[in-house]
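Good morning, and thank you for the time.

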Amino acid sequence: MQFPADFPITRKWPAQHPDRLQLYSLPTPNGVKVSILLEETGLPYEAHLVSFETQDQTSPEFLTLNPNNKIPAIIDPDGPGGKPLGLWESGAILIYLAEKTGQFLPPDAAARYETIQWLMFQMGGIGPMFGQLGFFHHFAGKEYEDKRPRDRYAAESRRMLQVLDKHLAGRAWIMGDAYTIADIAVFPWVRNLIGFYDAGDLVGFQDFPQVQRVLASFVARPAVERGLAIPKRG
Ligand SMILES: N[C@@H](CCC(=O)N[C@@H](CS)C(=O)NCC(=O)O)C(=O)O
């Protein structure tokens, strides 16, 4: 495989800097995980906006990179063995970039697996549950008369916040002193839950002082502030 010749997505989103890592995204909670990590690592990259308003994620060009029609996705022209690598699913991208740069994933084997455990807690739990709560509380589902689906996802979101709050007691970050890809995965979703989704009261966010403290530390990081706005919306 050669970049960009063998990647049809570049016909819709041409690479101005084909030597740099290419990011195809939108600043949503899943999208910003990758832009924040890229900003934290200092790796040179080029960001392309995938607009949902024009359904870019279902365009034939986008589907050649991610058949699952979701952001984020990347192409690293300098992937393993010096060959280009296309990748989607934010958790996989975070692990890949952390390993590539040797940052934000502890080298010690046990700590590495524990970081991945919390990353999977976000991927399989926090993301899907907060996302469903967003649908039933903020998006079209809020018009539904039957509030049982909303309440189910609110209860599950609250339960996961309790797990996180208990774990964070006495720790600066999810992995203690080390800021890792687990934080980069979890906290954009917490921020979104109480910000954009406005579900703070519904989940009783005031009951989670540790989560509040770490969220404040997270959003205060300059790389996080930058990453939250990348790619710039059109
Ligand atoms: N598990 C995926 C989820 C990605 C995802 O749900 N992306 C949303 C934005 S946050 C998306 O692209 N939605 C567009 C669509 O479903 O058409 C990941 O973590 O990368």
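Let us start with Glu 40, which is found in helix α2; helices (H or I, at least four residues) and strands (E, at least two) are DSSP runs, numbered from the N terminus. Before going further, a word on the source: this is a predicted model, in which local features need pLDDT of at least 70 and side-chain atom pairs count only at pLDDT 80 or more, while totals for chains, interfaces and linings use all residues. Residues are numbered from 1 along each chain as its sequence is written, and side-chain values use heavy atoms, with hydrogens and water left out.

Is Glu 40 buried or exposed? At 15% relative accessibility, Glu 40 counts as buried, because buried means under 20% relative accessible area, exposed over 50%, and partly exposed in between, with a 1.4 Å probe and protein chains only. The side chain of Glu 40 makes a polar contact of 2.7 Å with that of Tyr 179, and another of 2.8 Å with that of Arg 221. A polar contact here is a pair of N or O atoms within 3.5 Å; within protein, one must be able to donate a hydrogen and the other to accept it, and residues adjacent in sequence count only if both atoms are side-chain atoms. Leaving aside residues up to four places away in sequence, Glu 40 touches Gln 103, Phe 104, Tyr 179, Ile 184, Arg 221, Ala 223 and Val 224, where contact means heavy atoms within 4.5 Å.

I turn now to the packing of this helix. Helix α2 (residues 29-41) packs with α4 at an angle of about 5°, their axes 9 Å apart. The axes are lines fitted to C-alpha atoms, for helices over the stretch in contact, and angles run from 0 to 180 degrees between N-to-C directions. The two helices, α2 and α4, are therefore roughly parallel to each other, since angles under 35 degrees count as roughly parallel, over 145 as roughly antiparallel, 65 to 115 as roughly perpendicular and the rest as oblique. Among the residues that meet are Val 34, Leu 37 and Leu 38 in α2, and Ile 93, Leu 94 and Leu 97 in α4. The residues of this contact divide into seven nonpolar, four polar and one charged; Ala, Val, Leu, Ile, Met, Phe, Trp, Tyr, Cys and Pro count as nonpolar, Asp, Glu, Lys and Arg as charged, and the others, Gly among them, as polar.

Next, the charged pairs. Side chains of opposite charge can pair when their charged atoms come close. The structure holds ten salt bridges, each being a side-chain nitrogen of Lys or Arg within 4 Å of a carboxyl oxygen of Asp or Glu.

One of them joins Asp 76 and Lys 100, with the closest N and O atoms 2.8 Å apart. This pair links distant parts of the chain, 24 residues apart: Asp 76 lies in strand β3 (residues 73-76) and Lys 100 in helix α4 (residues 90-101). Asp 76 is buried at 3% relative accessibility, whereas Lys 100 is partly exposed at 33%. Asp 76, Asp 78 and Lys 100 are linked in a network of salt bridges.

Another salt bridge joins Glu 99 and Arg 112, at 2.3 Å from N to O. It connects helix α4 with helix α5 (residues 109-137).

Finally, Leu 119 is found in helix α5 and, at 0% relative accessibility, counts as buried.
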